[in-house]
Amino acid sequence: MNVNYLVSLVVVVALSFVPYFGIDAGLKMLFGIVIPYLAFAVFFVGVINRIVSWSRSPVPFRIPTTCGQQKSLPWFKQAKIDNPSTTVGVIARMALEIFLFRSLFRNTKMQLHKSENGPKITFQWELWLWLAALVFHYSFFVVLTRHLRFFAEPVPFFVQLLEKIDGIFQVGVPGVLISGFMLLLAATYLLVRRVIIPQVKYVSLVADYFPLFLIMGIAFTGIYMRYFEKVDIVGVKALTMGIITLSPQIPAGISTIFYVHLFLVSLLVAYIPFSKLMHMGGIFMSPTRNMANNNRATRHINPWNYPVKVHSYAEYEDDFREKMIEAGLPVEKE
């Protein structure tokens, strides 16, 4: 029985109560200033370390994952995006992967069905997984961008524009921002899928469930603050502006739920460099994605090859030309 999701849930719930009791104990400075600074310091150092580590990994040959016809003879039609041979093709494939999750769109799942003629294997298109992943990532991006209003004065025009689009459905006061609910909904789908599908559940680890529960906790506390327990927005902005300008202060009147929200965000930020969430940077560093497949057109030589003394055919012929001629063997030079 895979109980990794229960372990992750218990850990996230337990972590949520840490600031709840900490604020009551008078530790606002710790949860409002110290932990966010530490989290972002860990994030920047960790991300830089991962990127430097990836960049130092030896990639002596072209190893792109391809699909479709490679560039070959003129009468063979090349799959220029699936099997790019130029930098433009690589950029096009990367753009489709990053913005539309193209490989996930083409993903299928295999199922074994019983039939009159025995077991039968079928392949099904995983459209809902692709849609959920798309909604999850774009909602997350919109939520992050909207939060820039707490770190900039005046608020950038694109943030205000995005908020208007995000809150296009004016339902009550304050208006409903779609991205927060879509983020929570998509994360819930991705979680439930891992729990109820036996094959996916079998391969899922704590590291798969923990970030999902953490993000769901962040989304839930954010929604709760906006629609149910109103927080002092002026005080929150004073806190965030103080953090970003390196003159932190703890305004009075900010409710505990905000510190819970901030603590979960800090955990997520600090957790990113050590988790699968680093795929957001890894996609750009993956040699299976960022290389052109021009192995037939260009000879790639391993830069670490040590010099090897060879005896070429020309040298061989120079050594044995007379004997080869006497034996009636063809030679290139008389």
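Figure 1. Helices (H or I, at least four residues) and strands (E, at least two) are DSSP runs numbered from the N terminus. Residues are numbered from 1 along each chain as its sequence is written, and side-chain values use heavy atoms, with hydrogens and water left out. In this predicted model, local features need pLDDT of at least 70 and side-chain atom pairs count only at pLDDT 80 or more, while totals for chains, interfaces and linings use all residues. The C-alpha atoms fill a box of roughly 105 × 65 × 40 Å along the principal axes. Of the 334 residues, 36% are buried (under 20% relative accessible area; exposed is over 50% and partly exposed in between, with a 1.4 Å probe and protein chains only).

**Figure 2. Contact of helix H7 (residues 178-196) with helix H9 (residues 206-227).** The two axes come within 9 Å and cross at roughly 150 degrees, which makes H7 roughly antiparallel to H9 (over 145 degrees; under 35 is roughly parallel, 65 to 115 roughly perpendicular and the rest oblique). Axes are lines fitted to C-alpha atoms, for helices over the stretch in contact, and angles run from 0 to 180 degrees between N-to-C directions. Residues of H7 in the contact include Phe181, Leu184, Leu191 and Arg194, and those of H9 include Asp208, Phe213, Met216 and Tyr227; contact means heavy atoms within 4.5 Å. The residues of this contact divide into 15 nonpolar, two polar and two charged (Ala, Val, Leu, Ile, Met, Phe, Trp, Tyr, Cys and Pro are nonpolar, Asp, Glu, Lys and Arg charged, and the others, Gly among them, polar).

**Figure 3. Cis peptide bond between Glu153 and Pro154.** Omega is about 5 degrees. Pro154 lies in the loop between helix H5 (127-146) and helix H6 (157-166). Most peptide bonds are trans.

**Figure 4. Phe101, a residue other than glycine with positive phi.** Its phi is near 50 degrees. Phe101 sits in the loop between helix H3 (87-100) and helix H4 (102-105). With a relative accessible area of 12%, Phe101 is buried.

**Figure 5. Leu246, a residue other than glycine with positive phi.** The value is near 60 degrees. Leu246 belongs to the loop between helix H10 (233-244) and helix H11 (256-271). Its relative accessibility is 68%, so Leu246 counts as exposed.
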